[in-house]
Amino acid sequence: MYLYDEIDQRLVDERVAQFRGQTRRFLDGQLSEDEFKALRLRNGLYIQRYAPMLRIAIPYGLLSSRQLRKLASIARRYDRGYGHFSTRQNLQLNWPKLEQVPDILAELATVQMHAIQTSGNSFRNVTTDHFAGVARDEIVDSFVWCEILRQWSTFHPEFSYLPRKFKIAINGAKADRAAVGVHDIGLHAVVQDNQTGFRVLVGGGLGRTPLIGTVIREFLPWPHLLTYLEAILRVYNRYGRRDNIHKARIKILVKERGADKFREEVEAEWAHLKDGPDTLIPEEIARVAERFTRPTYEKLADEEPRAEPGFLNWYKRNVHPHKVPGYAAVTLSLKKTGVPPGDVTSDQMDAIASLAERYSFGELRVSHEQNLVLADVRQRDLAALWREARVLGLATPNIGLLTNIISCPGGDFCALANAKSIPVAQAIQERFDDLDYLHEIGELDLNISGCMNACGQHHIGHIGILGVDKNGEEWYQVEIGGNQGETIAGGAKVSLGRVIGPSFARADVPDVIERLIGVYLEQRDSEAERFVDVVHRIGIEPFKERVYGHAHQRAPRSQREPALV
Amino acid sequence: MATLIKGRRVVSESPLSSSDKVIRLEPADDPAAVAGELGRAARVEVNFPKFGDGRGYSLARLLRTRYGYRGELRAVGHITRDLLFFMESCGFDAYELREGEDPHAALAAFEDFSESYQGSVARPVPLFRRRAA
């Protein structure tokens with residue numbers, strides 16, 4: 001954990017006081033709905049379908065046991081005793097009361113937490129690889145750079161009212177596990193001539209217009225990180241479109257201008273800023289690095305996993321390699337069948353906090369796949385941890401498998417959603433509940449979004465499902481071939497899925513998935529070739545044919561849509 | 001007549017003489033286009049037609065840091081107290097508050113935050129350099 005100094009703490013406390021005043025002025029009628037909306041969104045407060053929703057920031061997904069216990073207690077006291085981990089590594093409460101939100105923020109501040117800029121048209125939570133700091137292919141500890149960017153992007157006076165939200169991801173390892181290609185700005189650490197720097201991508205994103213970002217600088221030496229970002233943001237703040245919310249992200253500016261023209265403008269702006277006072281200094285990198293708590297590892301040797309039935313399945317899927325011998329990283333699955341993906345109760349949060357304390361130095365990470373990671377577990381403790389996690393319902397051995405579904409809250413909660421996503425996720429999990437079959441299918445990311453905003457990241461699922469509204473009915477469009485980036489084992493780079501054809505009724509979705517899987521199992525050249533690899537190799541046609549049928553084959557029963565949605 | 005805050009005080013507008021020149025910039029305007037006239041301006045106004053339109057912050061910063069403007073820089077349009085802290089950081093020193101905003105209560109907003117992480121017009125040296133000093 002980065003531990004706040006007195007200034008970090010003061011700023012968060014001052015924000016609580018500011019928001020308390022703003023809430024009071026709104027309730028007193030001194031602020032209009034629209035004005036308060038822009039202000040409350042900066043504090044993660046949405047007015048949702050049935051109630052407000054509060055999105056609490058978990059900077060780059062890193063959390064301490066103490067903080068998790070606080071979240072458990074807040075969910076119990078101010079909400080309905082559970083929370084939802086989002087794909088942006090944050091925690092959402094679905095039922096807080098508007099007038100109590102300042103009190104919730106004050107409680108969060110006591111454990112160095114907040115809801116600053118978790119929504120609204122400003123910088124959002126900077127995200128990274130959930131194996132940062134422990135991965136064997138690490139180039140830099142991305143947490144340090146995330147924290148530097150967290151500070152720079154917090155209450156930025158010039159860039160607090162951007163045309164649209166702005167998401168930055170940093171990847172500090174060789175393999176990209178932070179999906180830097182689908183962020184407004186993606187930074188991939190590179191070492192060149194013994195100097196650390198970043199490859200800078202800009203203009204990627206999901207949502208309505210999914211695009212892979214363009215590299216605008218192959219190598220940016222680290223001291224220039226903030227001035228270069230300032231140049232990008234100034235160009236975006238001044239010229240990004242504000243006339244149409246759907247065209248306001250930086251990706252549209254980059255696309256409309258062309259990457260070369262955009263790069264020229266950034267470089268011209270940067271010429272004024274380069275080597276100025278915002279140029280980073282080694283003292284600051286060292287200061288931030290030192291404020292992070294670090295595990296004190298024992299000197300241990302790697303161990304063979306115990307051949308215990310059940311344990312080995314879990315070991316294979318939920319245990320990941322660690323750079324220190326004798327240690328492993330463990331994913332606690334929040335994807336048990338019957339539980340909405342990413343949901344966790346207050347009691348579970350308390351229990352997980354205790355697991356983290358006893359097995360992983362009191363810290364954990366939220367993954368963008370909506371699971372929790374204990375990053376520093378002694379290999380000799382794995383079996384004991386597995387037994388405890390199983391009792392808590394957190395040991396489903398499905399990480400990387402089809403039932404590890406990423407899903408937004410969807411129409412059950414979200415006012416923006418066109419369709420429900422949680423029941424679709426559950427129907428698929430129920431259809432594929434045979435563990436042997438799941439393992440037979442192998443690695444498969446299945447992502448579901450309830451609308452085009454793509455919070456469920458359906459574009460980068462190997463199979464992506466998008467809820468669409470047609471004349472007030474819920475339909476589901478299916479994409480295949482998307483990929484979030486490399487895994488800890490390597491594999492294909494980030495790619496966007498392609499729609500296979502007209503959309504389906506909810507009841508047909510599990511059948512469709514089964515047909516897609518059928519094609520894959522017939523076509524793969526070995527067990528090592530994953531679903532997404534087969535799609536990339538043979539294209540989407542064979543899958544389309546199986547799902548929609550040749551002339552003689554029957555399409556799913558409600559397949560009666562004439563055109564693409 | 002909107003209420004005016006200038007130099008962190010509530011003031012009434014002093015009338016301009018006929019020779020005084022006021023430059024007014026809209027969000028999409030380029031400050032480079034008026035750079036030559038800044039020396040003769042009695043004040044520069046930057047308009048914020050909407051609460052959420054943040055282009056004016058960049059204009060202010062450019063006027064102060066790139067074009068060396070030192071005179072009165074006034075934010076006009078949809079200005080509430082909630083924006084004052086950021087506006088001052090970006091180089092504004094005068095504000096025409098929107099209708100209904102209590103100017104005396106608004107003065108407190110300059111103290112909303114006691115620090116900024118970033119370098120700005122108001123505090124050119126970013127916090128990390130001051131922390132290291």
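Reply: Happy to; here come the labels, each set against its definition. This is a predicted model, in which local features need pLDDT of at least 70 and side-chain atom pairs count only at pLDDT 80 or more, while totals for chains, interfaces and linings use all residues. Residues are numbered from 1 along each chain as its sequence is written, and chains are lettered from A and ligands numbered from 1 in the order in which they are written.

Me: Which residues meet where helix 7 of chain A packs on helix 8 of chain A?

Reply: L253(A), V254(A) and R257(A) of helix 7 meet A259(A), K261(A) and F262(A) of helix 8 (contact: C-beta atoms, placed from the backbone, within 7 Å). By class, that contact has four nonpolar, no polar and two charged residues (Ala, Val, Leu and Phe are among the nonpolar ones, Lys and Arg among the charged).

Me: What makes chain B as compact as a globular protein of its length?

Reply: Its radius of gyration, taken over C-alpha atoms, is 15 Å, close to the 14 Å that the globule rule gives for 133 residues, so the description holds for chain B. The rule is 2.2 Å times the number of residues to the power 0.38. Along its principal axes, the C-alpha trace of chain B spans about 50 × 35 × 25 Å.

Key
Contact = placed C-beta atoms within 7 Å. Helix = DSSP H or I, 4+ residues; strand = E, 2+ residues; numbered from the N terminus.
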